[in-house]
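Me: I would like to go through this model by asking what each label rests on. Please set each value against its cut-off.

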Amino acid sequence: MPANNKDKPKVVLLQLTPELIALLTAASGRSGRSKTREAYVRLEDHLKLYTDFAAFGRRFPAEGSDTQKS
């Protein structure tokens, strides 16, 4: 059990376009994960790879990341 309330997982509500739902559904089908888990894994991966996301298509890799600037 978490030591205090700040250690407890939080729920985030997102509204996704039909196109994003279709992409998420396809990705979850390929991976075998639920859509919720797929979204979590992808969000976690992206946030760890990129420290900032200034504009669509412009990313700043996290320190020590293998990712090149796009």
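Me: In which helix is T25 found?

Reply: T25 is found in helix 1. A helix here is a DSSP run of H or I with at least four residues, a strand is a run of E with at least two, and both are numbered from the N terminus. This is a predicted model, in which local features need pLDDT of at least 70 and side-chain atom pairs count only at pLDDT 80 or more, while totals for chains, interfaces and linings use all residues. Residues are numbered from 1 along each chain as its sequence is written, and side-chain values use heavy atoms, with hydrogens and water left out.

Me: Why is T25 called partly exposed?

Reply: Buried means under 20% relative accessible area, exposed means over 50%, and partly exposed lies in between (1.4 Å probe, protein chains only). T25 has a relative accessible area of 36%, so T25 is partly exposed.

Me: What makes S28 and A27 count as buried?

Reply: S28 lies in helix 1 and has 9% relative accessibility, so S28 counts as buried. A27 is also placed in helix 1; its relative accessible area is 5%, and therefore A27 is buried.

Me: How do you know that the buried residues of helix 1 line one face?

Reply: The buried residues in helix 1 are L24, A27 and S28. Seen down the helix axis, they fall within an arc of 100°, so they line one face of helix 1. The arc is taken over the directions from the helix axis to the C-beta atoms. As background, an α-helix has 3.6 residues a turn, so residues three or four places apart point the same way. On the other side of helix 1, P18, E19, G29 and R30 are exposed.

Me: What covers the buried residues of helix 1?

Reply: The cover includes helix 2. With contact meaning heavy atoms within 4.5 Å, L24, T25, A27, S28, R30 and S31 in helix 1 meet K35, E38, A39 and R42 in helix 2. By class, this contact has three nonpolar, three polar and four charged residues. Ala, Val, Leu, Ile, Met, Phe, Trp, Tyr, Cys and Pro count as nonpolar, Asp, Glu, Lys and Arg as charged, and the others, Gly among them, as polar.

Me: Why are helix 1 and helix 2 called roughly perpendicular?

Reply: Helix 1 (residues 18–31) and helix 2 (residues 35–49) pack at about 95°, with their axes 9 Å apart. Axes are lines fitted to C-alpha atoms, for helices over the stretch in contact, and angles run from 0 to 180 degrees between N-to-C directions. Angles under 35 degrees count as roughly parallel, over 145 as roughly antiparallel, 65 to 115 as roughly perpendicular and the rest as oblique. Helix 1 and helix 2 are therefore roughly perpendicular to each other.

Me: How do you know that the span of helix 1 agrees with its 14 residues?

Reply: The expected span is 1.5 Å times one less than the number of residues. For helix 1 that should be 20 Å, and its end C-alpha atoms are 20 Å apart, so the two agree. Helix 1 is followed by G32, whose phi is positive, near 85°.

Me: What pattern does the protein chain follow along the sequence?

Reply: The pattern is α-α-β-β, from two helices and two strands. Buried residues make up 9% of the 70 residues in the chain.
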